[in-house]
Amino acid sequence: MIRIAIIGGGISGLAAAFALEEPRRAGAVEYVLYESSPHLGGVLRTEQIQGCIVEAGPDSFITEKPWAADLCRSLGLGGELIGSNDADRKTYILVGGRLIEMPDGLMFMVPTKIIPTGLSPLFSWSTKLRMARELLHPPRAADGDESVASMVERHYGPEMVDRLADPLLSGVYGGEAASLSVRAVLPRFAEMERTHGSLGRAMLAARKKMPRPANKPTPPLFTSLKNGMQQLPATLAPRLNQASLLTSTRVQAIQPQAGGWMVSAGFRSDQFDAVILAVPALAAAQILSTCCAQLASELSAIQYSSSITVGLGYDREVRQSLPPGFGFLVPRSEGKRLLAATFVHNKFPHRAPDDRALLRCFFAGSNAENIWQDSDEAIITIVRNELQQILGLRSAPLFARVYKWKSAMAQYGVGHLERLERIERLQKQFPGLALAGNGYRGIGVPDCVRSGQTAVQQVLSR
């Protein structure tokens, strides 16, 4: 029988454990999952407050990536999946203290419709001229990796970086476009530049090739669960062998030993044939520091960003006063501390009663670190002051909750894929060791699910 240790009980580790359940029941595998906290599920946490579904961590996942939805369906949660209300999707950008709607036809940050973009006050005339000239860019072979900001500025100028690229990526990665890798974060853009030169021409060509099935509705951009994202780990965990789950158990170190691995957790040490490290790269580096110094060094170079999410509930009057749409993004040049706010009651069904407004406000990176030591009350005051400045919202919330996530969002810096190649080469020196989590090839929930499942395939094949 093969013994496998899974270190980390977030969604990556849980997905790995679930993938091992079938061979465990067949008597081929035994596993133990170690989680340092008392709870399984990592950042997937949901509270129900006054009839509202309040997410402490991610509120959804991208529908296009199938792994999270497929896992939900395999758990019998297919009927609980809900899509975003894309018919009402509008996103605003704060420019000069005013909310300006993103024009129709922007595919991520690439304009594909001339008239809406040309008429939009979001961009200056000089940027609009750059957009027109961008359509003439010739194909360009990349010399190496570069930052997202560098590529976007080369195509569209610095205003596009400030007003779109940076705010959009801050909401996903909690980082800055000037430090994030194009090849790791926007690989499609790198490929489009290589084949077409112009990102605009490439997007238009890709859109023409997209199949349009007759009588089949377009899938929603985002997917969530009716009772919140915690519904996923809360449904998955009971399906695992309960004797294999060790919560409040921190692993200090692992050591290769006699063709396997010795895992040390507190005063207990156990022998395993394989280990799946489903923890942040920084934690993986600490665990590996005594046995695999070079690998640990590469892992520790993957940076992480902290984030703070604030959920606020309001009454019917506030709901009626808010603009339509999903919410707004705040460029750093606006001098605010908030990076984004979501009108959750508009984005998804089943999130708030009809007489409630539910807002979700977001800080990340240096914006989060600068207020990290502040009390919840002080952070709520900051949020209320900035919502008043941006939305004219003076009403006191019916409730407010602050959620802090220290070093939770991996930052794929320039050269990230080259670092992953070095990590994978070093990993081959240690058979039976696999890595999973958001630090490597995708930060979203579907990517984490896939990473856990792939890690299981790796250790079983070895």
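Which residues in α18 are buried? In this predicted model, the buried set consists of Val445, Pro446, Asp447, Cys448, Val449, Ser451, Gly452, Ala455, Val456 and Val459.

**Helix α18 and its partner**

Helix α18 has 17 residues and spans 25 Å from its first C-alpha to its last, close to the 24 Å expected at 1.5 Å a residue. An α-helix has 3.6 residues a turn, so residues three or four places apart point the same way.

Asp447 deserves a visit of its own. This residue sits in α18, which covers residues 445-461. Asp447 counts as buried because its relative accessibility is 6%, and the cut-off for buried is under 20%. Leaving aside residues up to four places away in sequence, Asp447 touches Lys65, Trp67, Arg441 and Gly442.

The axes of α2 (residues 67-74) and α18 come within 7 Å and cross at roughly 70°. The two helices are therefore roughly perpendicular to each other.

**Other helix pairs**

| Helix pair | Axes come within | Crossing angle |
|---|---|---|
| α2 and α18 | 7 Å | roughly 70° |
| α8 and α9 | 9 Å | roughly 100° |
| α11 and α12 | 8 Å | roughly 160° |

Helices α8 (residues 187-195) and α9 (residues 199-209) cross at roughly 100°, so they are roughly perpendicular to each other. Their contact is formed by Phe189, Met192 and Glu193 on the α8 side, and by Leu199, Ala202 and Met203 on the α9 side.

How are α11 and α12 arranged, roughly parallel or roughly antiparallel? The axes of α11 (residues 281-288) and α12 (residues 293-300) cross at roughly 160°, and these helices are therefore roughly antiparallel to each other. The crossing of α11 past α12 is left-handed. From α11, the contact uses Ala281, Leu282, Ala284, Ala285 and Leu288, while α12 supplies Ala293, Leu295, Ala296, Leu299 and Ser300.

**The nonpolar cores**

Leu288 and Leu299 turn up again in the largest nonpolar core, which has 76 residues; together with Tyr34, Leu164, Ile254 and Leu277, they have the most contacts inside it. Helix α6 (residues 158-173) gives the largest share of this core, seven residues. Another core, of 37 residues, lies apart from it and includes Leu33, Leu232, Cys448 and Val449. Cys448 and Val449 bring us back to α18, where both are buried.

What does Leu164 touch, not counting residues up to four places away in sequence? Its contacts are Ile93, Met102, Leu106, Met109, Leu122, Phe123 and Glu159.

**Two loop residues with positive phi**

Finally, take a look at two loops. Gln50 lies between β3 (46-49) and β4 (52-55), and has a positive phi of about 50° although it is not a glycine. With a relative accessibility of 42%, Gln50 counts as partly exposed.

Phe108 is found in the loop between β9 (106-107) and β10 (110-111). Phe108, also not a glycine, has a positive phi of about 60°. The relative accessible area of Phe108 is 31%, which means that this residue is partly exposed.

Terms used
Residues are numbered from 1 along each chain as its sequence is written. This is a predicted model: local features need pLDDT of at least 70, side-chain atom pairs count only at pLDDT 80 or more; totals for chains, interfaces and linings use all residues. Side-chain values use heavy atoms; hydrogens and water are left out. Helices (H or I, at least four residues) and strands (E, at least two) are DSSP runs, numbered from the N terminus. Buried means under 20% relative accessible area, exposed over 50%, partly exposed in between (1.4 Å probe, protein chains only). Contact means heavy atoms within 4.5 Å. The expected span of a helix is 1.5 Å times one less than its number of residues. A nonpolar core is a set of buried Ala, Val, Leu, Ile, Met, Phe, Trp, Tyr and Cys residues joined through side-chain atoms within 4.5 Å. Axes are lines fitted to C-alpha atoms, for helices over the stretch in contact, and angles run from 0 to 180 degrees between N-to-C directions. Angles under 35 degrees count as roughly parallel, over 145 as roughly antiparallel, 65 to 115 as roughly perpendicular and the rest as oblique. A crossing is left-handed if the near helix is turned anticlockwise from the far one by less than a right angle, and right-handed if clockwise.
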